[in-house]
Amino acid sequence: MALDPAVIFIGDLVAIFSVYLIINLSLNLEFGFAGVPNFGKVLAVAAGAFVMGTIPFMMFGILVDYGGLEPVDDNIMLVHQINAYISAHPESVLGVFVVTLIVAVAVGGLLGLASAYPAIRLRGDYLAITLLGFGEIIRIVGINHTPLVGGTLGISIPDMLAFMPNEYRFLTASFVLLAFAGVIYLLVARFTKSPVGRLLRATRDDDLALQTLGRDHVKIKFKVMMLAGMLGAVGGVMYASYVEGVVAFGYDRLNWTFLPFVMIIVGGMANNKGVLVGTLLFVAIRKLVIYYNDSLDGLLPFDIIWLDYLALGGLMILVLIFRPHGILPERPQKTESLEKG
Amino acid sequence: MASSRNALGGSSSDSGSSGRSGSSNNGGGHAIEIKDLACGYGKNQVLHGVDFSADLSKITAIVGSNGSGKSTLLKALFGLCDVKSGSIQALGRDITHIPTHAILNYGISYMAQRKNVFQDLTLRENLAVVAGRQRADRAMDHFPELLPFLDRPAVTLSGGQRQLLAMAMILVHNPKIMLFDEPTAALSPKNADIIIEKIKNLNAEHDNCIVLVEQNVKYALRNCDKVYLLASGHVVYGGDPEPLLNDKDLASKYLGM
Amino acid sequence: MTIILFDGLIYASVLAVLCVGLSLTYKITSVPNFAHTSFAILGMYMALIMSKVLGMSVYLALPVAFAASGALALFMYYGIIRILQKKKSSLISLIIATLAFDMFMIGVLNIIADGIRNTYQVNSRDFTLRSLDIVIGGDGGLPLVFIVTMVLLAGLAFGLYYLLYRTSFGMSMRGAIENESLAQTLGINTRTIFCFAWFLSGGLAGMAGVLMSMWFQGDPSLAAIMLPSIFAGSIVGGFSSVYGAILGGLLVGISEVVGTSVLIDLLGYWVIPYRPVIPFIAMIVTLLVLPGGLIQLITKYKKRKNITMKKAEEEKEGSKEEEDGVGA
């Protein structure tokens, strides 16, 4: 039974929206609330995806006899074999996926800390440059270190929903992603409304005032970077498992650093609802653009992918000039009292 | 002092502004005439309905407590704050909405209170920035005490020397109106005297209109021809300095004397 | 061995020229320009168009690239940065705007590259114009591009010194950089000065791009690849000093080329793609150990000397005065 194109369109939209929502919420924590311009958001996302590209192969290696097949060199055959195992033993997925998530969260958090370390005490621009550098390096490693995720060619990864019949599998994946994104949204919203969230905004607005208040702003920034790194990695895991593969080339600055910035600035910085609106808007527009792209192909003397760069870059500049606070600007938030009760 | 007249260009070689000022003065007008001025920074209004005038060959002082708006009044004259209503005339011309960079051409110079010289540049370079390299040395004729330091960075000067350099820099433009924002702030009494003497000499020799904002009220009253007392953005007193010194009520209320 | 010498010196000089431009605009606008390398890539394509499409000498591309990239930088400053500054945008917004302009330029440059290939059937990706260069003394001799690069860097170092310390325009420029509002009250046209600096910065990057494509390769992807290197050079030297930038650019460039060749000998050819890690490590170490960069070592000494002189002056007068933002 083939799926209706409209269902595919909406299912895909929901899945990509969920992935970006997770990533954008994490970037909003760093950038919107704490004022850390993470120009290397791609670092955490790629790290999560790379973990998803390696850990499941290791885990299933315990359960399945690979018969000498290698995850990268014999990728297609091995994935086929593992998927067959998953179909027969659906319960195995739960353990593997949970362990993968835990590893990804740990790696993402550590990278968040490590990438912030050299410049977190310096001005925001130094931090931006350092983080951008880390983002470039993980890409270089992913592309050139073939044993990791297959280098330039990339790899396919086991389908965590291989036990489901095809027509259910697709929509279930979208639903699972949306559920993850929803839970993370609620957690982040709770977090930013708490006294800690208030402290975060204080860090952004005035380092000095915070220091005189006796709070260690560096410590707070570190914590946020760690938390955002964890969430970013979850986004990476989700995306990789949704597309059932990891191609290092795909983890570029445009899609996983710049686009999230565009989304949260258009939506409204430091406002979780704004992030929701911005994400939905852009994922929908980009899906429509890609949908109609094919009709443009061949008419232009260049690859239409470059129009993406023109449009997003140009739009960002216009928004910064004409509507710097986005669709839903930051509002003074009611936060809970520090004293309980 | 032929050399000093040289440095200031003298009134005859001065461009348009001085000629106009002469005629407006004959006509009974003031060098500076502010009417019903309301201004501030952005949404924050500092001055409310201020009237003010100052004349050539006179020193006019503006006094008042912190936050009374005295510096803002001076800045308004130099296009450094946003005028909401009212008018400012200088030397017979309307300058209410003239931007700072054009105001110099109207024969007006302004000396800021702090950071009024380029610290990293040598004295010679500081002068060259405003005067071009040839005229730089001539501007020094007025300030022989600075000559030994010409090739040192301005950051190595003492506070008094730095104020002298700042004065030398604004004199290069041969201004008819000179605005000084607390020229003696943070100076020792001895250096403050030197600066005020310089200002008085300039005024006596060149018939220009000097407006200065002063923190030290007694000092200001002793040295000026006319005084304005400001309080929370309004003019409380404007006129001769003598009566203000004797008015116990005003003096105790606003000047803490 | 001579190849490594040429590689190292040309790359390091090109990097130094780029670092000077980056530091110049940083000094003036306090915004790190993430689109700076795209000025250089535009220069590369000016070189390709002049030589392969129009059939002229590739050296003619130097003035053309200077004008084109300079104009682009001027547009960026006047059309984006200044508008945002007037609207009192935050530093972070300004940085994001430069990143956005970089994204925009990646699109433009790739469209130019595709357009050249599809219209003129000229290879426009990973191209090199080395074969068009004149080699003095025949094969294995001295390539002209090497001489031109060295002359450009030396001329830049000397020219900047002359401009900044010997002309009143340059002195005004230093003054306007140090204290813009004072410069304005003294009647200095700061707008002209800043526009000139941005034009110069872009133009120099354009020329650097031309030279780059004549010895190494030209490709739009270099914008992203070289960005960490030029930031590393500027930061190692000391971000807000143009002379620090020359020093830092040379150091980072040479260590990139020499370091990679040493690592190839030690570990094998697989290390080649990891070359951008070297300048990145240099940058991180600088930020951790000496955040003000190498130039800080000199300025620290100078500052101390100046303060001593000021104290002596005040003691002579017998007056102690309040600090007035000195040394800030």
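Two residues are taken to be in contact if their C-beta atoms, placed from the backbone, lie within 7 Å. The structure is a predicted model, in which local features need pLDDT of at least 70 and side-chain atom pairs count only at pLDDT 80 or more, while totals for chains, interfaces and linings use all residues. Residues are numbered from 1 along each chain as its sequence is written, and chains are lettered from A and ligands numbered from 1 in the order in which they are written.

The model scores ipTM 0.89 and pTM 0.89. In terms of pLDDT, the predictor's confidence in each residue on a scale from 0 to 100, chain C averages 91, with 96% of the residues scoring at least 70. Residues 322-328 of chain C stay under 50, and for this stretch the model has 12 contacts beyond four places in sequence. For chain B the mean pLDDT is 79, and 84% of its residues reach 70 or more; over residues 1-27 of chain B the value is below 50, and this stretch has 38 contacts in the model beyond near neighbours in sequence.

Two pairs of chains are in contact, and of these chains A and C share the most contacts. Their contact takes 36 residues from chain A and 38 residues from chain C. Helices (H or I, at least four residues) and strands (E, at least two) are DSSP runs, numbered from the N terminus; on the side of chain A that touches chain C, the elements that give two or more residues are α5 (124-144), α11 (253-267) and α13 (305-322) of chain A. With Ala, Val, Leu, Ile, Met, Phe, Trp, Tyr, Cys and Pro counted as nonpolar, Asp, Glu, Lys and Arg as charged, and the others, Gly among them, as polar, this side of chain A divides into 25 nonpolar, seven polar and four charged residues. The contact between chains B and C takes 35 residues from chain B and 27 residues from chain C. On the side of chain B, two or more residues come from each of α5 (100-103), α6 (123-139), α7 (159-171) and α8 (189-206) of chain B, and the largest share, six residues, is that of α6(B). The residues on this side of chain B comprise 15 nonpolar, 13 polar and seven charged. Chain A and chain B, by contrast, do not touch, and their nearest C-alpha atoms are 19 Å apart.

Chain A has 13 helices and two strands, and its C-alpha atoms fill a box of roughly 65 × 50 × 40 Å, taken along the principal axes. Chain C has 12 helices and two strands, which follow the pattern α-α-α-α-β-β-α-α-α-α-α-α-α-α along the sequence. The radius of gyration is taken over C-alpha atoms, and the globule rule is 2.2 Å times the number of residues to the power 0.38. For chain C the radius of gyration is 21 Å, close to the 20 Å that the rule gives for 328 residues, so chain C is as compact as a globular protein of that length. Helix α10 (residues 242-267) of chain C has 26 residues and reaches 36 Å from its first C-alpha to its last, close to the 38 Å expected at 1.5 Å a residue, where the expected span is 1.5 Å times one less than the number of residues. Just after α10(C), C:G268 takes a positive phi of about 115 degrees.

Chain B contains sheets, in which two strands pair if DSSP finds at least two bridges between them. An open sheet of four strands has the order β2-β1-β4-β5 (chain B), with antiparallel pairing, and its edge strands, β2 (44-54) and β5 (93-94) of chain B, each pair on one side only. Strand β1 (residues 32-41) of chain B pairs with β2(B) in the antiparallel sense over seven bridges, and B:I34 stands opposite B:F52 in β2(B).

An open sheet of six strands has the order β6-β7-β8-β3-β9-β10 (chain B), with mixed pairing. Strands β6 (108-111) and β10 of chain B stand at the edges, each with a single partner strand, so one side of each is left without a neighbour in the sheet. Strand β9 (residues 226-231) of chain B pairs with strand β10 (residues 234-239) of chain B in the antiparallel sense over five bridges; B:L229 stands opposite B:Y237 in β10(B). In the hairpin of β9(B) and β10(B), which has two residues between the strands, B:S232 takes a positive phi near 35 degrees.
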